[in-house]
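Dear colleague,

I am handing over a structure for you to look through, and below it I have set out what was found. Please keep it open beside this message as you read.

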Amino acid sequence: MWRDLTPIGRDAESKGYRRFAWTEADRDCRDWFRSQAETRGLTYELDRNGNQWAWLGDPTREDAVVTGSHLDSVPDGGPFDGPLGVVSSFAALDELRHRGAEFTRPLAIVNFGDEEGARFGLACVGSRLTAGQLTRDQAHRLRDADGVTLPRAMEQAGHDPEAIGPDPERLARIGAFVELHVEQGRALDLTGDRIGVASAIWPHGRWRFDFRGEANHAGTTRLVDRRDPMLPYAETVLAARREAQLAGAVATFGKIAVEPNGVNAIPSLVRGWLDSRAADQSALDTVVTAVEKAAREHAARHGVDLDVVRESFTPVVEFGHALRDELTGILGPDTPVLGTGAGHDAGILSASIPTAMLFVRNPTGVSHSPAEFAAEDDCLAGVTALADVLEGLACR
Ligand SMILES: [Zn+2]
């Protein structure tokens with residue numbers, strides 16, 4: 001499975017993945033998922049929000065156990081973030097069949113659409129729509145960098161954008177969702193464990209900072225006459241780093257758009273996106289408030305206008321203790337339980353259904369980069385752990 005997936009959406013030069021929602025690479029990943037489902041005699045289903053499901057047993061029965069993750073990627077993402085969970089799900093099912101397990105609950109493997117939000121700027125679109133945390137109208141307003149709207153992109157990929165929306169009946173049939181994911185930090189490496197169980201996902205959000213100044217000639221405009229939005233932007237980047245450090249949080253400006261974007265032109269607009277996360281809400285509020293305050297001060301000093309828009313926000317997610325305890329009961333009491341600064345579909349769904357996560361050790365902690373890595377032994381330990389968990393939950 002890994003070999004088949006490896007070439008899909010991989011950039012020849014960077015070796016990173018560009019599997020963006022509703023693109024050709026996304027379609028190839030989806031075709032792969034469908035063929036894996038059909039090869040195993042599972043019932044394949046594409047839901048109204050573009051999430052793919054592979055069912056063992058009756059999809060209409062109650063109390064199903066669901067596992068899976070996503071196959072899309074960030075720009076130049078690594079091979080493990082997402083696909084490891086989907087591949088491990090199929091491999092765990094193979095292992096359970098090999099063990100002769102008898103299922104007492106329906107089991108499904110899911111590939112959630114558009115988890116990373118790389119193309120339309122909002123993460124977890126597939127699960128948010130399903131859980132009713134994103135309305136159809138809101139989703140219809142999403143646009144990619146080329147101005148293509150989400151409904152247009154869906155249409156081009158052969159999916160009906162009018163059909164999207166909440167899917168409470170589907171969620172009501174799910175008794176437990178377990179997502180396996182490569183760890184995106186070094187906690188397991190530091191404790192020397194292959195596998196961990198998630199405790200919580202940090203609250204996190206994205207804020208857009210629009211600094212508006214005045215475009216002018218880079219050679220003839222005196223420094224004192226400039227209203228250069230790049231300057232307060234640069235100060236704001238430094239402030240984000242400083243405030244995050246003070247609060248024990250993280251803050252990143254990883255994306256920027258400049259107009260007119262000319263080497264010899266003072267910019268008229270610098271648009272930067274702040275991503276910030278912290279272990280608790282008050283730390284996150286402290287960081288974002290302080291960064292915005294610094295941005296306003298520096299903007300005013302340079303005669304630049306500033307708009308700050310919160311584009312997305314996900315509050316802290318505490319995974320339910322009952323299911324988490326079931327997992328540690330199955331995997332052993334020494335299994336580490338850890339928090340994470342990364343968002344996941346499991347975090348979105350935890351508001352609606354019992355959810356849990358398994359993490360597989362990442363020796364460098366690097367993620368969202370072509371250098372993301374997990375050792376094969378650790379991945380196989382993840383498959384065994386997931387199989388044990390699914391057997392404990394779904395088999396007699
Ligand atoms: Zn992921």
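Leaving aside its neighbours within four places in sequence, which residues is D81 in contact with? Before the answer, please bear in mind that this is a predicted model. With those sequence neighbours left aside, the contacts of D81 are S73, V182, S367, H368 and E372.

D81 itself lies in the loop between strand β3 (64-70) and helix α3 (83-99), and D81 counts as buried because 27 other C-beta atoms lie within 10 Å, where 20 or more are needed.

According to an unreviewed UniProt entry, the annotation "binding site" covers D81 together with H70 and H181. Although these residues are spread over 112 residues of sequence, they cluster in space, with a largest C-alpha distance of 9.5 Å.

Turning to H181, you will find it in strand β5 (residues 174-182), and H181 is also buried, since 26 other C-beta atoms lie within 10 Å. Apart from neighbours within four places in sequence, H181 is in contact with S69, L84, G85, H344, M357 and F359.

Elsewhere, helix α11 (residues 321-331) packs against helix α13 (residues 376-394) at an angle of about 115 degrees, and their axes are 9 Å apart. The crossing of α11 past α13 is right-handed. On the α11 side, E326, L327, I330 and L331 take part, and they meet A385, D388, V389, G392 and L393 of α13; the residues of this contact divide into six nonpolar, one polar and two charged.

With best wishes

Key:
Residues numbered from 1 in each chain as written. Predicted model: local features only at pLDDT ≥ 70, side-chain atom pairs only at ≥ 80, totals over all residues. UniProt positions renumbered as here; feature names shortened; annotations may be inferred. Helix = DSSP H or I, 4+ residues; strand = E, 2+ residues; numbered from the N terminus. Buried ≥ 20, exposed ≤ 12 C-beta atoms within 10 Å, placed from the backbone. Contact = placed C-beta atoms within 7 Å. Axes fitted to C-alpha atoms, helices over the stretch in contact; angles between N-to-C directions. Left-handed = near helix turned anticlockwise from the far one by under 90°. Nonpolar A, V, L, I, M, F, W, Y, C, P; charged D, E, K, R; others polar.
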